[in-house]
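The following note reviews the two-chain model shown below.

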Amino acid sequence: MLVGVVVLFAFHFGADWFARRFHLPLSGPVLGMALLTGALALRGRTPDGLARVSNLLLKAMPLFFIPAGVGVMVLSEQFRAAWLPISAALLGSTLLAMATTAIVMKVVAKHLRRSAAKPRR
Amino acid sequence: MNYLWTTPLPGILVTVLAYALCVRLQRRARGHALVNPVAMAIVLLVVLLAVTKLPYPTYFASARLLHFLLGPATVALAIPLARELPRLRRLLWPIGAGLLAGNLAAACSAIFLSKILGASRQVTLSIAPKSVTTPIAMGISEKIGGLPSLTAVLVITTGVIGAVLGPWFLDQLGIDEPTVRGTAMGVSAHGLGTAAIYQESSEAGAYSGLAMGLSGLITALTLPALVAMFGL
């Protein structure tokens with residue numbers, strides 16, 4: 001499991017350095033996620049310890065958002081000044097994005113299934 | 001007492017306690033989606049800070065270790081994602097289409113709603129990248145002329161909205177496939193949405209993580225042009 005921790009941290013720091021150094025539009029952790037995915041795909045199987053550490057971290061992940069979330073409520077003058085348009089925009093836009101993604105995804109998938117099922121002439 | 005707050009001990013302890021309490025409350029409410037432990041824990045801590053007059057920077061410095069773990073946890077999404085890679089190949093087109101449409105909808109609607117409800121130009125620019133994960137969103141915001149600190153606030157709020165209402169909303173739409181649920185959560189509520197949907201199923205979590213990452217990239221590349229189109 002210790003190896004799992006090392007792997008995760010190594011990819012995190014490595015990717016973070018890389019993203020900063022080359023001014024990539026991706027953040028370190030996201031890039032690290034991509035790189036580790038690639039590495040695991042090449043390797044073929046995920047080491048047990050790594051899988052267990054990852055699951056632990058991911059199960060606990062909501063907890064990690066809390067300190068930043070508290071900051072949101074406590075700080076930000078601009079938010080309080082324009083809270084109504086901001087909240088409305090956030091709510092409407094978030095739900096719209098969710099619905100759009102889900103519906104487009106289903107429609108395209110169904111379309112692909114239909115054309116795959118069509119008998120060839 | 002004040003010395004203690006210069007160590008990670010009280011910050012972590014009080015945060016974990018708040019979260020554990022709220023998780024238990026959610027179990028009492030039979031796991032009802034709208035009773036979200038994160039949102040409730042945040043409110044609880046805000047009240048605590050107000051009542052004890054503890055300054056937020058002091059609390060955050062003490063709880064910083066938890067905040068830092070967001071990085072490795074994001075990297076950890078690689079594990080469920082790697083598991084999904086074989087299945088992913090079949091879903092490439094639906095996911096790609098969903099991502100493009102969803103991100104476009106998110107940015108356009110955020111900008112549009114913000115404008116017609118009378119927010120200032122800078123606020124609107126800060127809202128535009130709200131759908132992607134915080135560090136990327138802040139970078140985009142800075143680039144297009146918004147306020148990164150405000151954007152961070154908006155991104156996290158979006159995440160909470162998505163995490164609290166998302167699963168319920170997707171239920172109402174009749175979307176039950178983990179792959180679609182995950183992708184939708186990742187696009188609309190990025191990190192917090194991913195964390196939330198991972199609790200439901202690691203499969204959905206994987207797709208959410210993928211959607212989050214790709215959305216960051218897509219939005220980073222397209223938002224400046226989109227903003228120009230809106231004449232901002």
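1. Confidence in chain B. Among the elements of chain B, the lowest mean, 86, belongs to helix α8 (residues 134-144), and the highest, 93, to α10(B). Helices here are DSSP runs (H or I, at least four residues), numbered from the N terminus.

2. Basis of the note. This is a predicted model, in which local features need pLDDT of at least 70 and side-chain atom pairs count only at pLDDT 80 or more, while totals for chains, interfaces and linings use all residues. Residues are numbered from 1 along each chain as its sequence is written, and chains are lettered from A and ligands numbered from 1 in the order in which they are written.

3. Confidence in chain A and overall. Chain A has an average pLDDT of 85, with 92% of the residues at 70 or above. Within chain A, helix α5 (residues 77-81) has the lowest mean, 67, and helix α3 (residues 48-64) the highest, 92. Where pLDDT is low, the predicted coordinates should not be read in detail. The model scores are ipTM 0.85 and pTM 0.84.

4. The contact between the chains. Chain B contributes 90 residues to the contact and chain A 66; two residues are in contact if their C-beta atoms, placed from the backbone, lie within 7 Å. The side of chain B that touches chain A consists of 66 nonpolar, 23 polar and 1 charged residues. Ala, Val, Leu, Ile, Met, Phe, Trp, Tyr, Cys and Pro count as nonpolar, Asp, Glu, Lys and Arg as charged, and the others, Gly among them, as polar.

5. Domains of chain B. Chain B comprises domain 1 (4-68) and domain 2 (76-229), with bounds from an automatic or database domain assignment. The contact involves 5 residues of domain 1 of chain B and 6 residues of domain 2 of chain B. On the domain 1 side, 4 of these residues are nonpolar, 1 is polar and none is charged.

6. Helices α10(B) and α11(B). The axes of helix α10 (residues 178-200) and helix α11 (residues 202-229) of chain B come within 6 Å and cross at roughly 85 degrees; axes are lines fitted to C-alpha atoms, for helices over the stretch in contact, and angles run from 0 to 180 degrees between N-to-C directions. α10(B) is therefore roughly perpendicular to α11(B) (65 to 115 degrees). Their contact holds 11 nonpolar, 13 polar and 3 charged residues.

Technical notes:
Helices (H or I, at least four residues) and strands (E, at least two) are DSSP runs, numbered from the N terminus. Angles under 35 degrees count as roughly parallel, over 145 as roughly antiparallel, 65 to 115 as roughly perpendicular and the rest as oblique. pLDDT is the predictor's confidence in each residue, from 0 to 100.
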